[in-house]
Number of protein chains: 2
Amino acid sequence: MIHLEKIQASPMINNPSLEQLAASLNKQAVLHGSVHRIRKMSGFSFLILRTADSLIQCILEPEKCHIEGLLKEEACIRAEATVTEEPRSRTGWELHLTEIKVLSSPEAEMPVVIHGKEIDASLETILDYRPLTLRNEKQRAVFKIQEGLCRGFRNFLEQEQFTEIHTPKIVYQGAEGGANIFHLDYFGKDAYLAQSPQFYKQMMVGVYERVFEIAPVFRAEKHDTARHLNEYTSVDFEMGYIDSFTDICRMEAAMLGSALQFLREKYAPELALLKVRLPEQLLETGEIPSIRFHEAKQWVAKAYSRPASEKDDFEPEEEKLLSRLIKKETGSDFVFVTHYPTAKRPFYACEDEGNPAVTLSFDLLFRGLEVTTGGQRIHEYSVQLEKMKRMGMDPSLFESYLWIHRAGMPPHGGLGLGLERFTARLLELDNIRQASLFPRDIHRVTP
Amino acid sequence: MIHLEKIQASPMINNPSLEQLAASLNKQAVLHGSVHRIRKMSGFSFLILRTADSLIQCILEPEKCHIEGLLKEEACIRAEATVTEEPRSRTGWELHLTEIKVLSSPEAEMPVVIHGKEIDASLETILDYRPLTLRNEKQRAVFKIQEGLCRGFRNFLEQEQFTEIHTPKIVYQGAEGGANIFHLDYFGKDAYLAQSPQFYKQMMVGVYERVFEIAPVFRAEKHDTARHLNEYTSVDFEMGYIDSFTDICRMEAAMLGSALQFLREKYAPELALLKVRLPEQLLETGEIPSIRFHEAKQWVAKAYSRPASEKDDFEPEEEKLLSRLIKKETGSDFVFVTHYPTAKRPFYACEDEGNPAVTLSFDLLFRGLEVTTGGQRIHEYSVQLEKMKRMGMDPSLFESYLWIHRAGMPPHGGLGLGLERFTARLLELDNIRQASLFPRDIHRVTP
């Protein structure tokens, strides 16, 4: 006798929203959450209930509330309460608890106090106890905003008919080559962790014309700075049938404007909590200023009486200074720097016909930091082959990649945006590690 | 004198949609795409234009069309044409070309013919030339449907207030432990590639209550079968405040129903092209049958007079036979198998209070294949510690993970769904490699 049951599709009932609670004055509500904080007063306690998205002020009067289980901070509870008007609360109401069932109670005290506005500890300690410190109101708001950015990017890209792809992270060759690549033993063969989905997204332009991916990438860079991670989330898109690399810039400006607008509409509480200054000029005008690399270099040198030490690249300090000049001159938090020197760009970068020493490529700087690299790619086989040979590369190592050039590719280009860098600059965080849930750097591989 | 330009946010104008073209009879249209096929007839040619999402029948009459450049198959073109009624075309209209500009022309013939309905080549060859064979109409439709599944899952999870997270893929310890884990040299330290986001998603339940991630995971399994990949895309969710593991099953049934409905609405052309049989029963009733592991085992043994060789797990053949029995008995393409033996589940699996030999866990089988593993997790520190010791594990290796149990966690659980497996079963593909853009298996790490 076989006993078959039926599982009925059904999402679980979740907590009422703040709006629903506000509309339920003097009524009973049932909700669950963690006890974020208990503050004893005379005759009653303030209990701050931490739900998925809010901190809710509750009043606990011993004689008016039945408690089942061991109630303490970080206990998980299911509670019944009366929604009561209270003008002094930040919502205009509070909950008067009538019934508490403790579902689980912690064994240990929190090693770090997380229920203050800020966590009073070093970044190292905050990261060491990341699974717990993320329970802090402001810490978790950072990653809600990061979620909002991803949703905003995706909404825009889907609307513009980009197809989402999933490309492999274990690869046989680094897209950009170079030493900054993690090596892997793959069943006795050499393999690597992808530094970017570059080759794959180009391949997929031949299939869907416009593609995107939001996924991890890996860089074995030995930098230990406030702006480098060894694993980060890359927002990549690539598109065919462009007339110029500036089509990519225009698309990016539209994507950023759309995502920031989405944040403003859907993530207002988190933006307010973290006092986020949105880049208003982009939202208002849809414009981002653009300057050529060599001119930018000269401008910074002249404006700050600063010798340009390296000819073909920016130093971090120069990016900061350029952003400052642009902000002063135009009011923009962003600037496209275009026509980077060929010497500093990868082998697939299109060169400027009029001046092969520079490429049809760009970086986007946001508040002093490069957050995007992009450009037009070479789509003609003969051109690509010639450039690889000129650079001393062995084309036979790139056979499947070069097949797309041989078999026909439209003019195309794209970009990669570092999600953590973008989040950090948007929220004006000092260190990129603050914008990664569980950062990986040269010293840190835990938690 | 500094030369600042302004980049104006603007998506590029894309091709008109099929609907827009159909509404433009006898008018001129401008569009771009690849020349998918040219068929010479007497006095004219059929030219099939491959755009991002369609194959469009065009008529090329030499004297009525100006051609600039070398026109051949797989050339990328920009074209002008008149939309002309044609009842024999599958859309009811076709394009009469008047102007063609060839943007790029291939250097080599396609190594595999891709413009037929199917590609007449072995799977090995199809995968060797994946960047090109994906240009085939049916091949690329597979991954449009996969995109649709991801969008459908995400839409549902966002609506149910799951927060999207990005967790590290370079980890210090495998979530499930065991030998099937890729090793990495991380700046002289030992590190591994994540087999699942298990620990991290549990940690994040303490932060947001409900979280999800769609991201790559890595398994160093030496299997060389039609259902294993060494890198795949895992759809993971985890949620707190559950009453029982069946809450997870109900949520999954709702998620699958919602995503399949989304596919039906938004991906009809691809579903029709691939003749996809949707699992109608789930769509109609929202129900999935459920059976306990040991009963399922017995049922299969009895129904097929088959000795149950391994006691605590299914053989692939048993999963197929069980699915067949369930289909016959209930009409369902899905079945939840619950209460897997404790011996075969990881250390964080909750045991059944009434019978600790089985866990509060489940697999979901879909058309003969396990596509999901899930269950309730241990949330109490003392219980988890005791179980780890019983299993001979060293808790000190899991310190940051165990902090969440010590500091308080709600009852919670979740699941992981293999995107490629799900796609393969939905489309009834023989081999999971057909559902991965660039599959990684024990022999293949290219392209």
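Trainee: Which residues of helix 11 of chain A meet helix 12 of chain A?

Mentor: In this predicted model, A:Tyr381, A:Gln384, A:Leu385 and A:Met388 of helix 11 meet A:Leu402, A:His405 and A:Arg406 of helix 12. By class, that contact has 4 nonpolar, 2 polar and 1 charged residues.

Trainee: What makes A:Arg219 partly exposed?

Mentor: Its relative accessible area is 21%. Buried means under 20% and exposed means over 50%, so A:Arg219 counts as partly exposed. A:Arg219 is found in the loop between strand 12 and strand 13 of chain A, and its contacts beyond four places in sequence include A:Asn180, A:Phe182 and A:Tyr232.

Trainee: How far does a polar side-chain atom of A:Arg219 lie from the backbone oxygen of A:Gln195?

Mentor: The distance is 2.9 Å.

Trainee: Is A:Thr373 buried, partly exposed or exposed, and why?

Mentor: A:Thr373 has 32% relative accessibility. That value lies between the 20% and 50% cut-offs, so A:Thr373 is partly exposed.

Trainee: What joins the side chains of A:Thr373 and A:Asp363?

Mentor: A polar contact of 3.0 Å joins them; the cut-off is 3.5 Å. A:Thr373 is found in strand 19 of chain A.

Trainee: Which residues does the UniProt annotation "binding site" cover?

Mentor: The unreviewed entry lists A:Glu176, A:Arg219, A:Thr373 and A:Arg377.

Notes:
Residues are numbered from 1 along each chain as its sequence is written. Chains are lettered from A and ligands numbered from 1 in the order in which they are written. This is a predicted model: local features need pLDDT of at least 70, side-chain atom pairs count only at pLDDT 80 or more; totals for chains, interfaces and linings use all residues. Side-chain values use heavy atoms; hydrogens and water are left out. UniProt positions are given in the numbering used here, feature names are shortened, and annotations may be inferred rather than shown by experiment. Helices (H or I, at least four residues) and strands (E, at least two) are DSSP runs, numbered from the N terminus. Buried means under 20% relative accessible area, exposed over 50%, partly exposed in between (1.4 Å probe, protein chains only). Contact means heavy atoms within 4.5 Å. A polar contact is a pair of N or O atoms within 3.5 Å; within protein, one must be able to donate a hydrogen and the other to accept it, and residues adjacent in sequence count only if both atoms are side-chain atoms. Ala, Val, Leu, Ile, Met, Phe, Trp, Tyr, Cys and Pro count as nonpolar, Asp, Glu, Lys and Arg as charged, and the others, Gly among them, as polar.
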